[in-house]
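Here is a brief report on selected features of one chain. Please look over the sequence and the structure before reading on.

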Amino acid sequence: MASNDAGDKLPLSRRGRWCLAAALIFVSLSWLSFSWSWIARRAGPDVAIVTDGDIPDIGIPRSVIENWAQYSPYIPAGRYVPLPPGCIINQVNVLQRHGSRFPTTNAGKEIKATVKRLKRVKHYKEDYLKFLKDYTWDLGADDLIPLGAAQSFDAGIVAFERYKPIVTKDNPPFVRAAGSTRVVDSALNWTAGFRAAGRNTIKAKVDLILPETGNSTLDDGMCPNSADGDEESKTWLKLFASSIKKRLRKAAPGAKLTNKDVYNLMSLCAFHSQAKMAPSPFCGLFTANEFKDYEYHADLGKFYSNGHGGYLGPVQGVGYVNELLARLTGWPVRDNTQTNRTLDASEETFPLNRTLYADFTHDNVMVSIYSALGLFRQYLLPNKTLDPAKPSPLRTWIASKLVPFGTRMVVERLQCIGYRPFPKGVFVRILVNDALQPLEFCGGVAGMCELDLFVASQGYARHDGNGDFERCFDQRCCAAAVRKSVT
């Protein structure tokens, strides 16, 4: 996220005090040793944040980084659009994915197995593989990496600078997190950044951690009949990876690499580069165009599992949408799907009088929430679906723009006094990674809908998914698919 340079003009000692205090409390020593210089230039208490245009300095072109799909680091998808004249924000809801991490345990095992097959080769026929002789696996599993911690910290700074008029000492943010360690750590880093930007005047903290078992709106584990998108993504994997597989097999005789091995190595490029904050040698095995094909593999997987193309994808976001509607309207939650009714009925665990809410979660449930809301419908594509055999340049369903590490959806509630083209009233607008969404499903004008029209447009959520939630458990409904691991 880019600064407008205001923070860079502060004395180092002044900037450093705030960052060091936050880092010592909330970040491990390994994170601190890496990210001090990276964060210090951003964490000055008077800094004004502009979030577009800043790319993590990994030494890899943006054209490659933003084709790492859901494994891309956070890069804004648009420039934050100022409010129209005569409008003020009076409530904000932030939904944010955890920051960049190591591979999950299961994915890491698969990637390591691929690397072992390559390392067993006695004689490489291409010089670009010779680095493998000295390569040693040194990545962790599941947890945040320094970049992920730093970008979450930055996001807290951005939130304070952008929305500080609506928070006070007596009305701090209300923060929830799903129970995974990387999600909780991201929330802790966000609150640390929020406090640092406000000179510790606003006591932001993680108020509630939701277990990733049972009823939870910050996890997508309550629909065993849901699709996994494997069929569509495998179709594309075979089409794009076969030629790469042949090339690598020729360069590494005897490795017997598969199409899935190609995918694993391309994923390792993303994980390894972000962990080391330097170009991974695995990235050099592929071209920029091949990473575009890698992106589409994830686009298909997300679309046909938790997205609009999954027969039970959107319903997994219904519970959160109903919680959002409750906050926006001030009425108690009405939901019969994923919500925890005990927690949502309590003012302590689900208050309705706050002005800033922040929830931290995983990418799959964010995709379901987008779909339940009606965001990112592919109106320009035939049948509004993605073709598993041919990417369309007209698609807007691009995983690296929807759910990169650290992604955030922000729902703003606005009070407007009646300047054209907006009448007097209460409005809603939604930004995904700072890109203002058109909200065509509720008659959006310049990305804004009247609150009443927005609520009316959410009939799918308000009617508990029109029976889809029951289909999640009905053995007669769907062929239960093996679910993907949470990413």
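C283 has a relative accessibility of 12% and so counts as buried, since the cut-off for buried is under 20%. The model is a predicted one. C269 is buried as well, with a relative accessible area of 0%.

These two cysteines form a disulfide, with their sulfur atoms 2.0 Å apart. The link of C269 and C283 is right-handed, with 95 degrees about the S-S bond. It connects distant parts of the chain: C269 sits in helix α8, and C283 in the loop between α8 and α9 (288–303). The two are 14 residues apart.

## The other disulfides

How many disulfides does a search of the whole structure find? It finds four. A disulfide is a covalent bond between the sulfur atoms of two cysteines.

One of them joins C223 to C472, at 2.0 Å from S to S. This link is left-handed, with -90 degrees about the S-S bond. C223 lies in the loop between β3 (208–210) and α7 (230–251), while C472 lies in the segment after α16 (468–471). The pair therefore ties together parts that are 249 residues apart in sequence. Both C223 and C472 are buried.

Another disulfide is formed by C442 and C449, whose sulfur atoms are 1.9 Å apart. The torsion about the S-S bond of C442 and C449 is about 100 degrees, so this disulfide is right-handed. C442 and C449 are both buried.

## Helices α4 and α8

Helix α8 (residues 259–276), which holds C269, also meets helix α4 (residues 105–119). Two packed helices are described by the angle between their axes and the distance between the axes. The axes of α4 and α8 come within 9 Å and cross at roughly 105 degrees. Angles of 65 to 115 degrees count as roughly perpendicular, and α4 and α8 are therefore roughly perpendicular to each other.

Which residues make the contact? From α4 come E110, I111, T114, V115, R117 and L118. From α8 come K260, D261, N264, L265, S267, L268 and F271. By class, the contact of α4 with α8 has six nonpolar, three polar and four charged residues.

## S186 in helix α6

Is S186 buried or exposed? S186 is buried, with a relative accessible area of 0%. S186 lies in helix α6 (residues 181–197).

Leaving aside neighbours within four places in sequence, S186 is in contact with H98, G99, L144, S152 and F360.

Note on methods. Residues are numbered from 1 along each chain as its sequence is written. This is a predicted model: local features need pLDDT of at least 70, side-chain atom pairs count only at pLDDT 80 or more; totals for chains, interfaces and linings use all residues. Side-chain values use heavy atoms; hydrogens and water are left out. Axes are lines fitted to C-alpha atoms, for helices over the stretch in contact, and angles run from 0 to 180 degrees between N-to-C directions. Helices (H or I, at least four residues) and strands (E, at least two) are DSSP runs, numbered from the N terminus. Angles under 35 degrees count as roughly parallel, over 145 as roughly antiparallel, 65 to 115 as roughly perpendicular and the rest as oblique. Contact means heavy atoms within 4.5 Å. Ala, Val, Leu, Ile, Met, Phe, Trp, Tyr, Cys and Pro count as nonpolar, Asp, Glu, Lys and Arg as charged, and the others, Gly among them, as polar. Buried means under 20% relative accessible area, exposed over 50%, partly exposed in between (1.4 Å probe, protein chains only). A disulfide is a pair of cysteine sulfur atoms within 2.5 Å.
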